[in-house]
Amino acid sequence: MIVTIAVGAGILIPLFEEMYEIPPPVTQIRTESPAAEEEGEQAPAEPGTTAIAILQGAAVQGSPDFDPDAAQAPVGNTIVWDNQDTVPHTATSGTGPQDPESAQLFDTGIINGGEESTAVELQGVSEGQTIPYYCIVHPYMTGELTVAAAEQGGGQTQGGGAGGANQTGGTATGGGGAAAGGPTINILEGASIQGSPDYDPKELTASAGAEVTVVNQDTLPHTVTSGTGPQDPESAQLFDTSLINGGESATLSLAQVTPGQHDYYCIVHPFMTGKIIVQ
């Protein structure tokens with residue numbers, strides 16, 4: 001035994017310095033990379049929908065609101081806002097209610113708590129364009145969308161236009177002035193000043209299934225939205241014109257509204273209220 005160790009040591013010691021400088025090969029474990037991760041190649045993202053969350057507590061000024069706050073939407077993608085809060089919100093293009101271009105590119109209409117908007121497809125935008133937007137119920141809630149390059153295999157995807165999931169029977173049209181016949185609600189000039197006359201008539205009587213023309217004679221955006229106010233859990237369930245810019249009008253359908261008295265308000269200025277009596 002002693003002789004064997006001595007012989008082994010006699011062989012190893014002269015070679016130790018060489019082994020230290022040139023170590024023997026060590027077996028390596030190598031994992032295979034997916035084919036898409038080859039040099040200079042990246043798997044394309046699936047085209048489809050860009051999702052934006054409206055966070056719980058967003059109605060409290062200063063709290064986090066839209067997530068992500070600055071989102072990217074590839075050309076051809078639709079956009080859906082998921083209201084994780086307990087109160088209604090909107091996603092409306094523009095910098096705020098005073099913006100003359102407010103709601104020109106998109107407006108979800110009221111999104112009730114726990115619901116999602118109808119998918120919005122951007123029209124008339126170009127790659128690289130950044131679009132500010134806000135909540136017309138809580139204008140201090142703001143975000144922005146940047147139009148990115150189209151995803152591979154993308155193109156136009158089916159989805160809603162600029163209407164919200166609860167935007168029932170509201171169709172905006174250009175041009176103000178009085179409507180030619182039929183039941184009409186006029187939003188009076190200066191209506192945004194609390195205490196001033198707002199809707200005329202304050203109580204409108206209309207037949208079941210009728211179409212009501214809403215004319216905004218003011219210079220600021222307004223809505224006619226069913227419910228008693230933003231806190232009403234039934235807000236916008238029956239009808240919602242969405243934003244009507246100053247000098248423009250909208251058509252409101254009562255086709256799915258049952259006979260009776262129905263309250264409505266302006267989601268931009270909730271102190272503006274009226275009633276529609278369906279016979």
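Is His 269 buried or exposed? At 11% relative accessibility, His 269 counts as buried; the term denotes under 20% relative accessible area, exposed denotes over 50%, and partly exposed lies in between (1.4 Å probe, protein chains only). The model is predicted, with local features requiring pLDDT of at least 70 and side-chain atom pairs counted only at pLDDT 80 or more, whereas totals for chains, interfaces and linings use all residues. Residues are numbered from 1 along each chain as its sequence is written, and side-chain values use heavy atoms, with hydrogens and water left out.

View 1. Strands (E, at least two residues) and helices (H or I, at least four) are DSSP runs numbered from the N terminus. Leaving aside neighbours within four places in sequence, His 269 is in contact (heavy atoms within 4.5 Å) with Ser 192, Pro 221 and His 222.

**View 2. An open sheet of four strands.** The order is S12-S17-S16-S14, and the pairing is mixed; two strands pair if DSSP finds at least two bridges between them. Strands S12 (203-206) and S14 (225-226) stand at the edges with a single partner strand each, so one side of each is left without a neighbour in the sheet. S12 and S17 (residues 273-278) run parallel and are joined by four bridges. Thr 205 has Ile 277 in S17 as its bridge partner.

**View 3. The largest nonpolar core.** Such a core is a set of buried Ala, Val, Leu, Ile, Met, Phe, Trp, Tyr and Cys residues joined through side-chain atoms within 4.5 Å.

**View 4. The aromatic pair of Trp 81 and Tyr 133.** Rings of Phe, Tyr and Trp (its six-membered ring) pair if their centres lie within 6.5 Å; planes under 30 degrees apart count as stacked, over 60 as edge-to-face and the rest as tilted. Trp 81 and Tyr 133 are edge-to-face, at 5.5 Å centre to centre and 75° between the planes. Trp 81 lies in strand S4 (residues 78-83) and Tyr 133 in S7, so the pair ties together parts that are 52 residues apart in sequence. Trp 81 is buried, with a relative accessible area of 0%; Tyr 133 is likewise buried, at 1%. Ring pairs link Phe 66, Trp 81, Phe 106 and Tyr 133 into a cluster.
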